[in-house]
Amino acid sequence: MAELAALWIVRHGESTANVAATAAEASGAELIDLTHRDADVPLSSTGEEQARATGRWLAGLPEGRRPDVAVVSPYLRAVRTAELALAGTGVPASRDERLRDRELGILDGLTGHGVRQRYPDEAARRARLGKFYYRPPGGESWTDVALRLRTLLGDLRRDHAGGRVLLFGHDALVFLLRYLVEGLTEAELMALTREHVIANCSVTGWSADATGRLTPDVFNDVAHLHRQGARPTREDEVHAEPV
C-alpha cells in the first residue's frame, strides 16, 4: 500500500464544554452545564489563542515539512481551530465526518459521578467489558471509532500517497491513530490512555522512515503554545470520558 510522507493530528483548542466539564467534575455535579449540542460547541477565548499559536507553528515549518492538505472534523470546535491555525498558510482544507468525536449516546452531558448515579448498570458493564469495547447505548465504542478512522487512513494513503496530511480532531482520535498507525495492541493503547491526557491544540505526528513506513515523530506536544504565549490547557482542565 502507498504511504504518506507525513501525518499529523492536532486536537482542537480548549472549548467552552471543556471548561464547563472541568467545573462540573470539580463540584461533584452529575450534569455538565452545556448550552450547545456536541457538534456546535465553540472554542473558549483560550482555545482561540491556542489555535492561533498553532498557526504560527505551522507557518514556521520549513517548506519541505509543511502539510499539503488538511482534513478537519465537522464539529465546530475543530473547524474553528483549523480556520485559525491555517489562516494565511495556503493549505487547502476539507471536512470529513469520520473525524468527528466519539459519540457517548445516553451518557452525553454526564460527569463520571453522574453516570454512576444515574446509570449504575452501565458503569458496571463498562468496567466488565473494558474501555476499548464498551459501547454506551446510542453511542460508540473505541473500536467503532477505530473502524471509521481505518477507512479514512486508507483513503488518505490512496489520494495523497507521498504527501503530508494534517488532521484536526479530538482526543480519542489521537490515541486511536497511534493504535492504527503504529500497530499497538489493546493493552498498549489502554496504557497510553491511563498515562496521558491529550492537551488542547497539542500536536501528534508521524513521518516516513527510510523504508517508507510511518514512524512516531511527536506525541501530545504543546511546546509551540509555550513559545508563543498561548496558555496550554493543564491536564486537570481536560475533561475525560464520564466512565
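In this predicted model, the buried residues of helix 3 are Arg77, Ala78, Val79, Thr81, Ala82, Leu84, Ala85 and Leu86. Helix 3 spans residues 76-86 and is mostly covered, with eight of its eleven residues buried. Just after helix 3 comes Gly88, whose phi is positive at about 80°.

**Helix 6 against helix 7**

Two packed helices are described by the angle between their axes and the distance between the axes. For helix 6 (residues 142-159) and helix 7 (residues 171-182), the angle is about 65° and the axes are 10 Å apart. The crossing of helix 6 and helix 7 is right-handed. On the helix 6 side, the contact is made by Trp142, Val145, Ala146, Arg148, Leu149, Arg150 and Leu153. Helix 7 contributes Ala172, Leu173, Phe175, Leu176, Leu177, Tyr179, Leu180 and Val181. Sorted by class, the contact of helix 6 with helix 7 has 13 nonpolar residues, two charged residues and no polar ones.

An α-helix has 3.6 residues a turn, so residues three or four places apart point the same way.

**Aromatic pairs**

A pair of aromatic rings is described by the distance of the centres and the angle of the planes. The count comes to three aromatic pairs, and two of them are described here.

Phe132 and Tyr179 form an edge-to-face pair, 5.4 Å centre to centre, with 65° between the planes. This pair links distant parts of the chain, 47 residues apart: Phe132 is in the loop between helix 5 and helix 6, and Tyr179 is in helix 7. Phe132 counts as buried because its relative accessibility is 2%. Tyr179 also counts as buried, at 18% relative accessibility, where the cut-off is under 20%.

Trp142 and Phe175 form a tilted pair, 6.2 Å centre to centre, with 35° between the planes. Trp142 lies in helix 6 and Phe175 in helix 7, so the pair ties together parts that are 33 residues apart in sequence. Trp142 is buried, with a relative accessible area of 1%, and Phe175 is buried at 6% relative accessibility.

Phe132, Tyr133 and Tyr179 form one aromatic cluster. A charge is also placed over a ring in this model: the charged end of Arg178 sits over the ring of Phe219, 4.5 Å from its centre.

**Helix 5**

Ala123 is found in helix 5 (residues 120-129). Apart from neighbours within four places in sequence, Ala123 is in contact with Val115 and Arg116. Ala127 lies in helix 5 as well. Ala127 counts as exposed because its relative accessible area is 62%, the cut-off being over 50%.

| Residue pair | Separation in sequence | C-alpha to C-alpha distance |
|---|---|---|
| Ala123 and Arg65 | 58 residues | 44 Å |
| Ala127 and Ala51 | 76 residues | 36 Å |
| Gly205 and Val165 | 40 residues | 9.8 Å |

Gly205 has its place in strand 5. With a relative accessibility of 1%, Gly205 counts as buried. Beyond its neighbours within four places in sequence, Gly205 is in contact with Leu7, Trp8, Thr215, Pro216, Asp217 and Val218.

Two residues other than glycine have a positive phi and are treated here. Cys201 is not a glycine, yet its phi is positive at about 60°. Cys201 sits in the loop between helix 8 (186-195) and strand 5 (203-208), and at 0% relative accessibility Cys201 counts as buried. Asn220 has a positive phi near 55°. Asn220 is placed in strand 6 (residues 214-221). Its relative accessible area of 15% makes Asn220 buried.

Technical notes: Residues are numbered from 1 along each chain as its sequence is written. This is a predicted model: local features need pLDDT of at least 70, side-chain atom pairs count only at pLDDT 80 or more; totals for chains, interfaces and linings use all residues. Side-chain values use heavy atoms; hydrogens and water are left out. Helices (H or I, at least four residues) and strands (E, at least two) are DSSP runs, numbered from the N terminus. Contact means heavy atoms within 4.5 Å. Axes are lines fitted to C-alpha atoms, for helices over the stretch in contact, and angles run from 0 to 180 degrees between N-to-C directions. A crossing is left-handed if the near helix is turned anticlockwise from the far one by less than a right angle, and right-handed if clockwise. Ala, Val, Leu, Ile, Met, Phe, Trp, Tyr, Cys and Pro count as nonpolar, Asp, Glu, Lys and Arg as charged, and the others, Gly among them, as polar. Rings of Phe, Tyr and Trp (its six-membered ring) pair if their centres lie within 6.5 Å; planes under 30 degrees apart count as stacked, over 60 as edge-to-face and the rest as tilted. Buried means under 20% relative accessible area, exposed over 50%, partly exposed in between (1.4 Å probe, protein chains only). A charge sits over a ring if NZ of Lys or CZ of Arg is within 6 Å of the ring centre and within 35 degrees of the ring normal.
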